[in-house]
Each structure stands twice: as structure tokens, then as C-alpha cells.
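This report describes the fold, the packing and the model confidence of one protein chain. The sequence and structure follow.

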Amino acid sequence: TFPLALDVGSGRGYIAQHLTKETVEKLVQVDIAENALKNATESEIPTVRVVADEEFLPFKEDTFDLVVSSLSLHWVNDLPKAFREIHQVLKPDGVFIGAMFGGDTLYELRCSLQLAELEREGGFSPHVSPFTAVADLGHLLSRAGFNTLTVDTDEIQVNYPGLFEVMEDLQGKYILCMGESNCSWNRKPLLHRETMLAAAAIYQEMYGNSDGSVPATFQIYYMIGWKYHESQAKPAQRGSATVSFGDLAKIEGLLKKGKK
């Protein structure tokens, strides 16, 4: 049971819908978008909503028993600082559970746009927000002070009729919860029609399915990290093991003998 939990980048309260009073007694939702918080769905858990930046959380140190974040951290400008802020507001032995979009997200779209721009315009500008590589995630969490880390990755593939439907979907219904347009200041505001048509053809040629549709891949990183407390399990001293890894192959036979 977590007496007090924090949802970082809560949006319209998607996580709160899946929490129960038996698990979380009180929830604080934080998002930089005031409209998202105003339109948040109601939850059975007592909830407080705060407009704040993930990089400057307005809470005292050692406040929360649990911090969660779902698919918002790829928008953060300074991810190491956001992780440090989350670590700071956690109580000792508190846990951070998060999910964020990873480096291979929308690689088909990015590659098609880049090749088309290189061919038609002699250069390219990024049109999708940058993402973190999974190899860096564990290091960033560790540097922020988290221990007993778990990092996992998953891929979800969605099929669309073509490139234009992918972009329309991203700029339409997904824009608030996924935010996959590009937030870079130096991005090119418009793509020429010829470039878009060329990108659609490249997308279809390189990644198209046999039924004529095209896939869009979303890579998701899942992470769990704990704030240190002296009661937590510690690794044994190097060389103190009493069982060899070579014996693991025999474990099934040893268990059967034990039962007999």
C-alpha cells in the first residue's frame, strides 16, 4: 500500500483509472499542461492536481511513497534532471515506476521522410521529437541515485493505409497523449508536396505490408527504480557464493530428489 503517490506527466489521468484505493490512498497528479489537468477523468482515489514542470517538481524531499509516469518523459528537455527530481521527492525505500517512448519509435516514418528530403531538397530536418536509447536509460537512472533497477523494452506495431494516415493520426487524436510531432525550435515548419509524395512512396516500398498497409512502430521502455534504504537487500560479497552456475543445469534433478 502506498499512502501518497505522484503521477508525473499525468495528462488527463490515464493511470489513475487503473489504480485502486487498496493500493494508493492519495494521488497527486502533475502536468505542465493546465487544460489536460482541467479535463482529467475522475478517480475513486482522493486526487490533487498541480500544474508544474517535470524538471522542477514543487514538493519537499522525501514526500512520496510511489512515483509513476506513463509516456510523457520523452517530452522532457533535461531527462537527467527530471530523474533527479523524481528521486529527490521519493521517500527512502520509495519506488519509481515509469514507461516512456524509446529510440526506435516511428523509425519507418523518420527514415522515409529523411530519404525523401535528401532526394528532393538536398538535406533534411527532423520532424519527430528525439528519443532516448535503451542503452542510456539504466545509466541515467543510476546516475540520478536509483538502485535495484529493472529496465525492459517492448514494441507495438500499428498498421495504417499509408504515410498520410500515420501523420494525420499522430497530429490528431494522439497529439495530447503521445505528442509525436516535433518540438525542436529549429525544425522546418512545412514539407513540400513533392517531398511528401516521395516519402509516401519510400514508406510503402521499404516497409509496406503485403496487404498494402504500412506499419508504424512504437518502442516503449519500462523502468523500475528504488530510492536507497538500509533495509533493502544488498548484493553478497564477490566470491562468497556457495553454488556454482554450472550446477544450475542439475537443479531439476536435485529438486526431484528433495521431494522423494
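## Confidence of the model

The model is predicted, and the mean pLDDT of the protein chain is 86, with 88% of its residues reaching 70 or more.

One segment calls for caution. Over residues 173-186 pLDDT stays under 50, and the model has 36 contacts beyond four places in sequence for these residues. Where pLDDT is low, the predicted coordinates should not be read in detail.

## Overall architecture

The protein chain contains seven helices and seven strands. Their order along the sequence is β-β-α-β-β-α-β-α-α-β-α-α-β-α. Among contacts between residues at least 6 apart in sequence, 73% join residues at least 24 apart.

Of the 260 residues in the protein chain, 42% are buried. The accessible surface comes to about 15000 Å², and carbon and sulfur atoms account for 54% of that surface.

## Strand 1 and its partners

Five of the seven residues of strand 1 are buried, so this strand is largely enclosed by the rest of the structure. Strand 1 pairs with strand 2 in the parallel sense over six bridges; within this pairing, Leu 6 has Val 28 of strand 2 as its bridge partner.

Strand 1 also runs parallel to strand 4, to which three bridges join it. Here Asp 7 stands opposite Val 68 in strand 4.

In soluble globular proteins, nonpolar side chains tend to be buried together. The largest nonpolar core of this model has 27 residues, and those with the most contacts inside it are Leu 6, Val 67, Phe 83 and Phe 96. Two or more residues each are given to this core by strand 1 (2-8), strand 2 (24-31), strand 4 (64-70), helix 2 (79-89), strand 5 (90-101), helix 4 (134-143) and strand 7 (214-226). Helix 2 supplies the largest share, five residues.

With neighbours within four places in sequence left aside, Phe 83 is in contact with Leu 73, Phe 96, Leu 137, Leu 140, Leu 141, Ala 144, Phe 146 and Met 223. A second, separate core of 23 residues includes Met 196, Ala 199, Val 214 and Ile 220.

## Helix 6

The 15 residues of helix 6 (residues 193-207) should span 21 Å at 1.5 Å a residue, and the end C-alpha atoms are 21 Å apart, which agrees.

The buried residues of helix 6 are Thr 195, Met 196, Ala 198, Ala 199, Ala 200, Ile 202, Tyr 203 and Tyr 207. An α-helix has 3.6 residues a turn, so residues three or four places apart point the same way. The cover over the buried residues of helix 6 includes helix 3 (107-121), helix 5 (163-171) and strand 7.

## Residues with positive phi

Most residues other than glycine have a negative phi. Asp 62, although not a glycine, has a positive phi of about 60°. Asp 62 is found in the loop between strand 3 (47-51) and strand 4, and its relative accessibility of 34% makes it partly exposed.

Thr 148 likewise has a positive phi, of about 50°, although it is not a glycine. Thr 148 lies in strand 6 (residues 147-160). At 55% relative accessibility, Thr 148 counts as exposed, the cut-off for that class being over 50%.

Key
Residues are numbered from 1 along each chain as its sequence is written. This is a predicted model: local features need pLDDT of at least 70, side-chain atom pairs count only at pLDDT 80 or more; totals for chains, interfaces and linings use all residues. Side-chain values use heavy atoms; hydrogens and water are left out. Helices (H or I, at least four residues) and strands (E, at least two) are DSSP runs, numbered from the N terminus. Buried means under 20% relative accessible area, exposed over 50%, partly exposed in between (1.4 Å probe, protein chains only). Contact means heavy atoms within 4.5 Å. Accessible areas come from the Shrake-Rupley method with a 1.4 Å probe; for residues, only the protein chains shown count as cover. A nonpolar core is a set of buried Ala, Val, Leu, Ile, Met, Phe, Trp, Tyr and Cys residues joined through side-chain atoms within 4.5 Å. Two strands pair if DSSP finds at least two bridges between them. The expected span of a helix is 1.5 Å times one less than its number of residues. pLDDT is the predictor's confidence in each residue, from 0 to 100.
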